[in-house]
Structure formats: structure tokens, C-alpha cells
Amino acid sequence: MKGNIKKMLGLFLFVMVFTTGYGQGSQKFKVVLDAGHGGKDYGASYGSYVEKNIVLDVVLKVGKILEKESDIEVIYTRKTDVFIELIDRPKIANKADANLFVSIHCNAESKRTAHGAETFIMGLTKNASNLEVAKKENAVVDMEDNKEVYKNFDPNNPETLLAIKLMQEAYRQGSFEAAVAVQQGFTGDLKRNDRGVKDAPFWVLHGIAMPGILIEMGFISYKSEGAYLNSDKGKKDMSESIAKSIIKYKKEHFSSGSVSTVKATPKSNDKDDVKPAVQPAKNGAVFKVQISASTTDLATTPSNFKGLNNISKLKDGKMVRYYYGEVSDYNEAKNLLSEAKDKGYKDAFLVAFKDGKKISVSEALK
């Protein structure tokens with residue numbers, strides 16, 4: 001029994017060892033772009049439509065857009081048609097101490113009727129279609145020389161299940177937010193068929209120590225969609241949408257916290273502590289703490305939010321975002337953030353609003 005526990009903890013520690021809060025020391029937002037498959041692994045292939053080529057073209061275009069942003073650093077798992085083992089993709093991201101991992105793919109199915117975009121996060125599911133997608137993406141392991149490294153990743157094994165649950169606690173919220181941003185871009189701006197945000201046990205997401213998503217841009221097995229994804233216009237549209245969504249996610253999650261330029265006030269044990277100088281928001285803006293987001297619409301009662309009072313919510317399409325508190329002073333907001341994290345909302349972060357519309361925290365302080 002003790003041996004099993006050690007193995008189980010090892011699975012979790014394997015992906016946690018590189019981080020004490022992904023990207024916390026970085027002044028730039030680091031995003032890892034992962035073009036699925038490559039080299040001898042063609043991925044899905046229908047006629048002249050080859051997944052490994054389409055996704056590489058899109059990744060390079062996404063990267064080119066993001067590299068124009070002065071506060072974003074782009075890391076690639078591959079920039080050419082080479083075979084990268086699954087286990088090495090998370091290693092690249094973890095070594096970079098990245099803030100977000102984005103793996104880009106195309107889908108396919110034998111009936112050739114399914115179409116539309118979907119974005120996955122790491123998780124447990126009993127949905128057969130979700131598991132089928134994960135099974136296809138994980139199948140690349142069969143092409144690798146050292147299969148032993150994957151022997152402990154079995155979604156049907158209780159030890160792996162617990163490790164996945166631990167990962168969900170650590171990074172699920174950030175992953176979900178990024179996935180929703182991507183899907184909203186696909187369906188809102190590009191009017192692609194919305195297959196939604198889903199979860200499934202992907203090895204490439206299991207190995208990362210940060211929020212991560214796996215994008216299935218569409219089905220190359222569906223005639224019109226395959227032609228679109230393989231076209232210059234399709235690649236341009238999809239890459240611009242993905243890049244825009246990543247920038248949106250970065251703006252909402254990293255305008256404060258790990259990349260904030262506002263200095264924290266030192267703590268003191270003196271009874272006569274000097275209170276930190278008030279840092280009010282400008283022009284009537286207010287700060288709130290986003291504690292969670294979900295497709296489930298919950299009543300804002302303390303029992304639904306680990307005893308926290310003063311909960312508000314905002315519907316954004318299919319998603320509902322939940323906020324704790326509302327103050328005009330930045331230092332008070334940071335105290336609220338600490339309270340939320342102490343209650344177990346480890347992925348909580350500060351947001352700012354003005355006249356009911358979300359703005360960046362830095363904008364609220366200017």
C-alpha cells in the first residue's frame with residue numbers, strides 16, 4: 001500500500017516539481033505553442049489534408065502574432081516537421097516555467113459528418129466521444145521507442161485518477177478560462193460550429209505544471225471544413241483567432257499578480273503597524289476577486305462558495321464568472337484575494353470594472 005501511495009504522489013510531483021505558481025517570477029507572459037504530431041507521426045490524414053502540416057502552419061502564424069507583443073514570450077515545442085515525443089512536450093513547457101500551454105490539432109472521424117471546433121482541458125470523463133479524441137491523440141505513444149515512461153498513465157487506474165484530480169485542483173480554473181476564450185473566438189468571430197469546452201485524459205496535458213488546453217480546430221474529414229483548414233484563409237483566420245484569445249486570457253489573468261508592477265507592502269508583527277497607503281482605483285473603477293467560472297449557474301449563497309459572503313456573478317455567453325467582494329482600494333483588494341486563496345480558491349485573481357465593464361487592473365490604477 002505504501003508503495004502505491006509513493007507512486008501516486010510521484011505522478012503528481014512529476015508535474016509540480018518545476019513550479020511554485022507557474023511563471024510567478026517572470027515579467028513576461030510565457031506561452032508554449034505545441035504543434036501536434038510531426039515527422040513520422042502524420043496525425044489525421046484525409047486526401048491532401050495532413051494534420052501535422054496544417055497545425056504547424058497555424059502555430060507558426062500564432063507565434064508570429066504573439067511575438068509582436070512586448071510582454072509575451074513564445075516558446076515552441078517544434079517549428080519544423082520533426083517528431084517530438086509526447087513526454088518531451090510537457091518538459092519543454094515546464095523547463096520554461098510557462099504561464100500557458102496550447103496544443104493545436106485537427107480532428108477527423110470515419111463517418112465524415114462531424115464538424116466544428118472544440119477545446120479540451122485535462123480531466124476525467126465518461127463521455128465516449130471525448131475519450132475517443134484522447135485515445136487518438138495519445139496513440140502516438142505507440143510510435144515511440146521508450147514506452148516505459150508512460151506505464152503509470154492509465155486513466156482507468158485509481159492512482160492515475162487521483163493524480164489527475166490533484167492536477168485539476170491546481171490548474172483547472174486557468175485551463176477552463178483559456179479554453180472558453182478560444183471557443184468564444186472561434187464561434188463568435190469566425191462563426192465556426194461550436195462543439196464546446198470539454199475534458200479528457202490527454203497525456204500531453206497531464207504532464208504540464210501550468211494551465212493548458214488542447215485545441216481541435218475542426219474536422220479535416222468533413223469536406224468543406226477540411227478545405228477551409230487547409231487553405232491560406234482558414235489558417236490565417238484560425239491563427240488570428242487563437243492569438244487574440246491568448247492575448248485576452250493574458251490580459252485578464254496577468255494584468256496583476258505575478259507580473260504586477262505594484263509593490264507589495266511589507267508585513268510587520270508590530271501592534272502599531274503602519275497601514276499601507278491607499279491605492280484607489282481611478283475614475284470610479286472597482287476591484288473584485290474572480291474565484292471561479294463555470295457553465296453551471298449557482299445561487300450566490302455562502303454555502304456554495306466555501307462560506308464566502310458578498311459573491312456576485314456575471315454571465316458571459318455559456319459561462320458564468322463568480323466574484324468575491326468589491327472595493328475601490330487596491331490593497332484592500334489584495335487582502336480579499338488572500339482570503340479567497342485561504343479558502344481554497346488557489347487560482348483566484350484580481351479583476352477591475354468600470355461602469356460595469358471589465359478593464360485591466362493596471363488601467364484601473366493609472
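The questions and answers below concern a predicted model.

Trainee: In what order do the five strands of the open sheet lie, and which are the edge strands?

Mentor: The pairing in this open sheet is antiparallel, and the order of its five strands is S10-S11-S9-S12-S13. A strand at the edge pairs on one side only, and that holds for strand S10 (311-316) and strand S13 (357-359). The edge strands are therefore, with pairing defined by at least two bridges, S10 and S13.

Trainee: Which residue in S13 is the bridge partner of Lys-354?

Mentor: Strand S12, residues 349-354, runs antiparallel to S13, and three bridges join the two. For Lys-354, the bridge partner in S13 is Lys-357.

Trainee: What angle does the direction of helix H8 make with that of S12?

Mentor: Helix H8, which spans residues 232-254, packs on the sheet and touches strand S11 (319-327) as well as S12 and S13. Between the direction of H8 and that of S12 the angle is about 100°.

Trainee: Within what arc do the buried residues of helix H7 fall?

Mentor: In helix H7, residues 223-230, the buried residues are Glu-225, Gly-226, Tyr-228 and Leu-229. Viewed down the axis of H7, these residues line one face of the helix, because they fall within an arc of 160°.

Trainee: Which helices and strands do the buried residues of H7 pack against?

Mentor: Among the strands, the buried residues of H7 pack against S3 (49-50), S5 (100-107) and S8 (212-219). Their helical partners are H2 (51-66) and H8.

How values were computed. Residues are numbered from 1 along each chain as its sequence is written. This is a predicted model: local features need pLDDT of at least 70, side-chain atom pairs count only at pLDDT 80 or more; totals for chains, interfaces and linings use all residues. Side-chain values use heavy atoms; hydrogens and water are left out. Helices (H or I, at least four residues) and strands (E, at least two) are DSSP runs, numbered from the N terminus. Contact means heavy atoms within 4.5 Å. Axes are lines fitted to C-alpha atoms, for helices over the stretch in contact, and angles run from 0 to 180 degrees between N-to-C directions. Buried means under 20% relative accessible area, exposed over 50%, partly exposed in between (1.4 Å probe, protein chains only). The arc is that of the directions from the helix axis to the C-beta atoms.
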